[in-house]
Amino acid sequence: MRAVQVQEYGGPEVLRTVETEVPEPGPGQVSVDVAYTGVNFADLKARGEGYRVPSLPFVPGLEVSGRVRALGEGVSGVEVGQEVAALTAGGAYADVVVTDATTVFPLPSGVDLRTAATLPTVLPTAYALVHAVGRLQPGETVLVQGAAGGIGTVVGQLAKAAGASGVFGVVSGAAKAKYALDHGYDDVFVVPSTTDSVQFVDEVRAATGGRGVDLALDPVGGETFRASLASLAVFGRLVSFGNASSAEPWRVGQPELYPTGLSVSGFSILTLAQTAPGALRALTEKAFAAVAEGVVSLPVTAEFPLEEASEAHRLMGGRTSTGKLLLRVA
C-alpha cells in the first residue's frame, strides 16, 4: 500500500510517498480503507519539529473517512465494509490505517465520506471549546484566534447557535476576514503577524464598549495567549487548545487571575482520546449530530491527491488557507 512518510524533519519537501506493508489491527483495534484524510496544523508540526512523533520514519495524519477493512479481537459496534470516520494517533496519510475502536465512528445519516473526513478532529474540538470546556452561555461574547481555519469556522457557527451576543475573530489577512464574516462572526480583526498580537486587545475592548469578552479561545500560545488573557471581561474564561507559535509554554497565576476573577483551562482532543475515550465518544456524537442537523458546516476549500501531501502542507503553512484541506486517498 501507499503511505506518506516523514523520514527526517523539515519542510514540506521531506514528505515521501513509499510502498509499505498493510497494517493489521490488534485487539481492540480497527483497520480502515481510507477514502479521505484531513490535513491539520498538528501534521505540519509533526513533520517540522517532531510534535507527537514517537520515532522515524513516521506517517502523519490524525483523521480519516473510509470503510472498515478488518476488526481486531474483541471489537464490536462496527462491521467490515461499514462507512466510518476515525480519529487516529498518526498514520492517516496512507491507503490503510489502524486505530483504536473507541475512536471509530459510524457516519451519521446523510453524511458522505468527503464530508466525514472533516469531522473527527475539528468538530469535537470546536464543540468542546464552545460547550464542554468554554461553557458559553446565551448573551455572552467570544473571541476566536484563527477564525478562518477549520476549528474557527465551526466555532463561529456553534457560538451563534448557542446564542452568543458577539462573536469576534482574529485572522492574518483581509481574505480570511471576509471568509470568517460569512461563517458566523460579527467582527473580525486582521493581525498580520503574531508579533502584533497586542493590536487586537484594543480592538476587542473598543468592540465591546471597553468590557472585553466572556470567552477567548487560543490555539497560538506565546504573546497571543497573553493578549487573549488581556482581552477578557471580569470573570472571563480563556481556553488554550494548542501552541502553534511553538513558544515557551504559558504560565499564569495569581497576579493575572485574581484581580478580575479570570480562569484558564485547556483542551487537547488527542490527549482526551487517551485518557477519557468515553468522554470523547459522547462529545463526538453530539458534535456529529450538529452536522447531521445542519447546525454547522465546514467547507472543503482545497483537495489534493495523497501523493501531493507536500502541496497541502505548503498551502496550510503559508497561512493563506481557509476552511478544511483534504487528501484524496481512494
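Tutor: What follows covers the ring pairs, then a few backbone details. The model is predicted. A search of the whole structure finds three aromatic pairs. One of them joins phenylalanine 168 and phenylalanine 189. Phenylalanine 168 sits in strand S9, residues 166-171, and phenylalanine 189 in strand S10, residues 187-190, so the contact ties together parts 21 residues apart in sequence.

Next, take phenylalanine 225 and tryptophan 250. Their centres lie 4.7 Å apart with planes at 15°, so this pair is stacked. It links distant parts of the chain, 25 residues apart: phenylalanine 225 belongs to helix H7 (residues 222-230), tryptophan 250 to the loop between S12 and H8. Phenylalanine 225 is buried, at a relative accessible area of 1%. Tryptophan 250 counts as partly exposed, at 31% relative accessibility.

The loop between strand S12 (232-240) and helix H8 (254-257) also holds serine 246. Serine 246 has a positive phi of about 60°, though it is not a glycine. Most residues other than glycine have a negative phi. Serine 246 is partly exposed, with 39% relative accessibility.

One more ring contact: lysine 45 lies over the face of tyrosine 51, 5.9 Å from the ring centre.

Definitions and conventions: Residues are numbered from 1 along each chain as its sequence is written. This is a predicted model: local features need pLDDT of at least 70, side-chain atom pairs count only at pLDDT 80 or more; totals for chains, interfaces and linings use all residues. Side-chain values use heavy atoms; hydrogens and water are left out. Helices (H or I, at least four residues) and strands (E, at least two) are DSSP runs, numbered from the N terminus. Buried means under 20% relative accessible area, exposed over 50%, partly exposed in between (1.4 Å probe, protein chains only). Rings of Phe, Tyr and Trp (its six-membered ring) pair if their centres lie within 6.5 Å; planes under 30 degrees apart count as stacked, over 60 as edge-to-face and the rest as tilted. A charge sits over a ring if NZ of Lys or CZ of Arg is within 6 Å of the ring centre and within 35 degrees of the ring normal.
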